[in-house]
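Reader: I am new to this structure and would like to understand the words used to describe it. Could we go through some of them in turn?

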Amino acid sequence: MADDALRTDIERFLGWLRVERRYSPNTLAAYARSLTRLEAHAQTLGIQRWADLRGAHLQGWVARLHREGLAPASLAQLLSTCRSFFRHLARDGGIAGNPAVGVRTPKVRRKLPQVLDVDEMSALLEFPTDDAEAVHDRAMLELLYSSGLRVSEIVALRWHDLDAPNGLLRVTGKGAKTRIVPVGRMALEALDALRRQDHAGDDDSILRGRNGRALSPNGVRTRLKRRAREQGVWKRVYPHLMRHSCASHLLESSGD
C-alpha cells in the first residue's frame, strides 16, 4: 500500500502535466523516467510517504548517482524534475515543504572554446590578394579577427559604419544594440583595398557576393572554410572561432 501511495502521487502529477500544462509526450516520458528513479530510491530507504523524504536523502542519492557516472547535466535535469514534483505536492498539501530545495548537483564543466593559435591565424591570413575575390576575403578575415565580430554583425556592415581615420567601427549586435569596436591596422589596410576595388559608396555593404548584394552568413562560412583548407589550416574554422581567437589573443597580450 505504501508503494501504491508513492506511485499514485506520481501519476497524479504526470496527469496534471498532461492535462493542465499540456506537456508533449516526449517531455512527459522524460519526467516519468526521472520520477520512477526517485520512487525506486524512496523504496530502498523504506519511505512510505513523500512527506517522510528529506533533503539529506536526496543529497545522498545525487552523490551516489554521480559516483556511478551520471553526468552533472543529467543530474541537474533529474533534480529539476524532482523539484517540480515536490512543489506540486506542496501546493496540494501532500507535503509540508520541498525537500529538493537546497540540494546541490556537481557543477557542469564548461568546455573551453577552441581557438586558433597565433601561427594558425597567421597561416590563415597570409594568402596572396591577386584577384578580386582574394581582396574581398582578406578584408573579411582580417575584420572578423581584428574586431571579434559575430557573423550576423559583419554581414550587416555598411561602409558608413567604418571610421577609418580613427580605426573604429560601429556595430549593431544582439537586441539591436550598437557598440563601437576598434579595427586593427592590417584590417584597415585590407578594407581600404576592398573599397578601392569595389568603388563602394557609403551606403553599400562592406561584404558583397558576386551578385553585388550583401554577403549572407552562409556565404561567410563557406568562404572562410575554403580559405582555411587552401592555407593548410585543418581545424574546423568558422566565424565564431575567429571571435574566440580574437579574445584569446587579446588576453594573451594583456589587452582589454
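Author: Let us begin with how elements are named: helices are DSSP runs of H or I with at least four residues, strands are runs of E with at least two, and both are numbered from the N terminus. With those names, His199 lies in the loop between α8 and α9, and please keep in mind throughout that this is a predicted model.

Reader: What makes His199 exposed or buried?

Author: The relative accessible area of His199 is 71%, and exposed means over 50%, so His199 counts as exposed. His199 also has a positive phi of about 50 degrees, although it is not a glycine.

Reader: Where does Arg22 lie, and why does Arg22 count as exposed?

Author: Arg22 is found in the loop between α1, residues 2–19, and α2. Its relative accessibility is 71%, and therefore Arg22 is called exposed, the word being used for values over 50%. Arg22, which is not a glycine, has a positive phi of about 55 degrees.

Reader: Why is Asp204 called partly exposed?

Author: Asp204 has a relative accessible area of 27%; buried would need a value under 20% and exposed one over 50%, so Asp204 falls in between and is partly exposed. Asp204 lies in the loop between α8 and α9, and, with neighbours within four places in sequence left aside, it is in contact with Leu157, Arg158 and Trp159.

Reader: How do you know that α2 and α4 are roughly perpendicular?

Author: The axes of helix α2, residues 25–44, and helix α4, residues 72–91, cross at roughly 85 degrees and come within 9 Å. Angles of 65 to 115 degrees count as roughly perpendicular, and α2 and α4 are therefore described in that way.

Reader: Which residues of α2 and α4 meet?

Author: From α2 come Tyr31, Ser34, Leu35 and Leu38, which meet Leu78, Thr81, Cys82, Ser84, Phe85 and Phe86 of α4. By class, this contact of α2 with α4 has seven nonpolar residues, three polar ones and no charged ones.

Reader: What makes α2 roughly perpendicular to α3?

Author: Helix α3 spans residues 55–67, and it packs with α2 at an angle of about 110 degrees, the axes being 11 Å apart. That angle lies in the range of 65 to 115 degrees, which makes α2 roughly perpendicular to α3. The crossing of α2 and α3 is right-handed. In this contact, Arg37, Leu38 and His41 of α2 meet His57, Leu58, Trp61, Arg64 and Leu65 of α3, and the residues divide into four nonpolar, two polar and two charged.

Reader: Why is a group of residues called a nonpolar core?

Author: The name is given to a set of buried nonpolar residues because they are joined through side-chain atoms within 4.5 Å. In the largest nonpolar core, which has 38 residues, Leu124, Ile154, Leu169, Val220, Val237 and Met242 touch the most other members. Elements that each supply at least two residues of this core include α5 (118–125), β2 (168–172) and α10 (239–252), while α6 gives the most, with seven residues.

Reader: Which residues does Met242 touch?

Author: If residues up to four places away in sequence are not counted, Met242 touches Leu116, Met121, Leu124, Leu141, Leu144, Tyr145, Leu224 and Val237. A second, separate core of 27 residues includes Ile10, Phe85, Phe86 and Val103.

Key
Residues numbered from 1 in each chain as written. Predicted model: local features only at pLDDT ≥ 70, side-chain atom pairs only at ≥ 80, totals over all residues. Heavy atoms only, no water. Axes fitted to C-alpha atoms, helices over the stretch in contact; angles between N-to-C directions. Parallel < 35°, antiparallel > 145°, perpendicular 65-115°, else oblique. Contact = heavy atoms within 4.5 Å. Nonpolar A, V, L, I, M, F, W, Y, C, P; charged D, E, K, R; others polar. Buried < 20%, exposed > 50% of the residue type's maximum accessible area, 1.4 Å probe, protein only. Left-handed = near helix turned anticlockwise from the far one by under 90°.
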